[in-house]
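Visitor: I am new to this structure and would be grateful for a close look at a single part of it. Would you please take me through the contact between the chains?

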Amino acid sequence: MNPLLLSHFTATSSIGQGLIPTLNALRQRYSGLHPCNFETVDLTTFIGEVAKVDNAVIPENLSHFDCRNNRLALLGLNQDGFADAVRNAIAEYGSQRVGVFMGTSTAGILQTEIAYRHRDPQTGALPADFIYRTTHNTFSVGDFTREYFGLTGPAVVVSSACSSSAKVFASARRMIDAGLIDAAIVGGVDSLCLTTLYGFNSLGLTSEKACRPFDTQRDGISVGEAAAFALLERPPARLKPDDILLLGVGESSDAYHMSSPHPEGLGAQMAMQQALTMARLQTGDIDYINLHGTATQSNDTAEGKAVNHLFGNTVPCSSTKGQTGHTLGAAGGLEAVICALALQHNFMPAGLNTEQLDPDLNLDYLLANRDQPLSYVLSNSFGFGGTNCSLIFGRASS
Amino acid sequence: MTTLTAYIDGIGLLGPGLIDWPSSQPILTGQHLYHSQKTILPPPELLASAERRRSGAAVKLTLAVGLEAVTAAGVDATTLPSVFSASGGDGDNCHAICEMLASDDRQISPTRFHNSVHNAASGYWSIATGAMTPASVLSGYDASFGAGLLEAMTQVVIDNTSTILLASDTRYPEPLNSARPISDALGISLVLSPVQTTQSLAKITISLSDAEANQMNNAELEQLRLSIPAGRGLPLLQAIAIQQSTHVVLDYLGNTRIAVDFTPC
């Protein structure tokens, strides 16, 4: 593929709001997970909650977008000067030439969950102040981002469960290559809600403890929330050495089961191999893998087999979900930013909470942070419905 | 101006009073009268019986139109990347989950939860057909058809591959239907190819435009176009049915629309 420059990027999650707090948290092995006290949820589980999401004030002219998911989007967009970088891109390219590609799984469904508690006792109607389009609807966070910046070009939300905000890179790449746009706001925003907390619990997939990826005793995820964004542009003739490039994208489907991965991770292998092929790299070129690593028995087993099959056990890898929780539709975007930070700071984050590595998963899984020059990193994101996406990022100096 | 070109090799259509593509063509050209009647969703025969029983309207509709399109195109579904575009996920399933979460017993069923994802139809399509190919699963609210068409066209042109677009929308039960009225289930599927084949029905070249969108001449079909997001694609299907070179503008996002230059093969 033609490499694309991540000219600006930012992330907001339970471990920090913006790049410096996020990097510091990773270096200090900080976990943002705490026992669940979200809303009226009465489950014994841990969550990765972003502090003070509800303090974000949606501009008055966009007040119909007001919901936790769009508040989190706003909070994230205004870290690290990202919104200003978008405005500069709009000034350079024009409002129709900057596309929006956002990933989410549940958008603002929390708004509907709450509205269902306040239905009219006679008619069953939802409260008059409930607005579906700009809160609950899957597109709302893409629509909000487009309206917030006054954009007039293409916009879309990708909603393929937990691969959503990895796959936005694939859609944006195609549209930039096609010449329809010159820059793309890509990212993921997913926020805590009852559907996912009770839903993953119903499947027996939430841990009662902070999640322990790749541990022998791993027993499920910790649901988290995040907003992560990158501005993608064609690279200029001269790049700075620590500029981050998107080099490869691989996508596949398991065609196996709605909520269980292919047991040998066949789809995951295909996605990783396609990303390598697109980046014109060999497995030996990859210095670090940010695993999907949800800490469910089946995900980590399938992913471990897939990674081992392609890479053997020599590539350092870790899941950062012990820090952030599983941020679902935002995970691909969040972990893309973590990969960019890793490349710029020659730093590989350890997997947290893992005490006894599963000996059946034969990987170089990092239990301690490691400082080492990095050239190329790979990030995996998989999801319900058997959707898989792998991204490869590299330093411009590589 | 940037343009993207592809060939349409197969079509699937299912909606109110529109049973399949062959029988809908004379309705779209005005040769046959349009009789509105509730969309009849066939059981998804490709799925195993347990999955068939659990599949909701969105899965049934999407699989039906996708299967019609690949059969018409004479292509193997396992070779096709796919683009699924819908305003929302399965409406009945979402309503059932929200009702339970508002009750004293919040223990929603695991099947309901995994069927609640926006990519449920995509997951079942891959399971039903065995396609391990990439699937893009999109929403653009009322712009979903245009968003799907753009994504599919960029796949065809940039990845130089045939692909299948499956744009489908289903309705919510009350009380959500009042907050998001979608009149009935309607799905449009197109198999698109980067090169002309023996199956090619038409060549389309698309670009972004601010021209006014085409409307349907028939008032009831125009109502379908406006009341179901996937219906925004009906003017394109009408052009295919008429089989004359023409220029059609489809609704997309507000004043940003999609112009289609259409040439029959």
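This is a predicted model: local features need pLDDT of at least 70, side-chain atom pairs count only at pLDDT 80 or more; totals for chains, interfaces and linings use all residues.

Guide: A definition is needed before the tour begins: helices and strands here are DSSP runs, where a helix is H or I over at least four residues and a strand is E over at least two, and they are numbered from the N terminus.

On chain A, residues 1-395 carry the UniProt annotation "domain: Ketosynthase family 3 (KS3)", which comes from an unreviewed entry. That span is 31% helix and 22% strand, and its end C-alpha atoms lie 16 Å apart. On chain B, an unreviewed UniProt entry gives the annotation "domain: Beta-ketoacyl synthase-like N-terminal" for residues 42-220. Helix makes up 40% of this stretch of chain B and strand 18%, with 23 Å between the end C-alpha atoms.

We now come to the contact itself. Chain A contributes 64 residues to it, and chain B contributes 55 residues. Together the two chains bury about 5000 Å², and carbon and sulfur atoms account for 64% of that area.

The polar side of the contact can be counted as well. There are 20 residue pairs in polar contact between chain A and chain B, with both residues at pLDDT 80 or more. The salt bridges between chain A and chain B number 4. In one of these salt bridges, the side chain of A:R173 meets that of B:D159, with 2.7 Å from N to O.

Which elements of chain A supply at least two residues each to the side that touches chain B? They are the helices α4 (109-115), α5 (132-136), α7 (164-177), α8 (194-202) and α9 (266-279), together with the strands β6 (155-158) and β10 (244-253). Of these, α8(A) gives the most, with 8 residues. By residue class, the side of chain A that touches chain B divides into 27 nonpolar, 25 polar and 12 charged residues.

For comparison, here is pairing inside one chain. In chain A, 3 strands form an open sheet with mixed pairing, in the order β3-β4-β8. The strands β3 (33-35) and β8 (223-224) of chain A are its edges, each pairing on one side only. Strand β4 of chain A (residues 46-48) runs parallel to β8(A), joined by 2 bridges, and A:I47 stands opposite A:V223 in β8(A).

Salt bridges, too, are found within a chain; over all chains the count is 29. One of them joins A:R68 to A:D54, whose closest N and O atoms are 3.5 Å apart. This pair links distant parts of the chain, 14 residues apart: A:R68 is in helix α2 (residues 68-77) of chain A, while A:D54 is in the loop between β4 and α2. That loop between β4 and α2 of chain A also holds A:K52, a residue other than glycine with a positive phi, near 60 degrees.

The peptide bond from B:E174 to B:P175 is cis, with omega near 10 degrees, and B:P175 lies in the loop between β4 (163-169) and α8 (176-179) of chain B. Most residues other than glycine have a negative phi, and most peptide bonds are trans.

How values were computed
Residues are numbered from 1 along each chain as its sequence is written. Chains are lettered from A and ligands numbered from 1 in the order in which they are written. Side-chain values use heavy atoms; hydrogens and water are left out. Contact means heavy atoms within 4.5 Å. Buried area is the accessible area (1.4 Å probe) that two parts lose on being put together, summed over both. A polar contact is a pair of N or O atoms within 3.5 Å; within protein, one must be able to donate a hydrogen and the other to accept it, and residues adjacent in sequence count only if both atoms are side-chain atoms. Ala, Val, Leu, Ile, Met, Phe, Trp, Tyr, Cys and Pro count as nonpolar, Asp, Glu, Lys and Arg as charged, and the others, Gly among them, as polar. UniProt positions are given in the numbering used here, feature names are shortened, and annotations may be inferred rather than shown by experiment. Two strands pair if DSSP finds at least two bridges between them.
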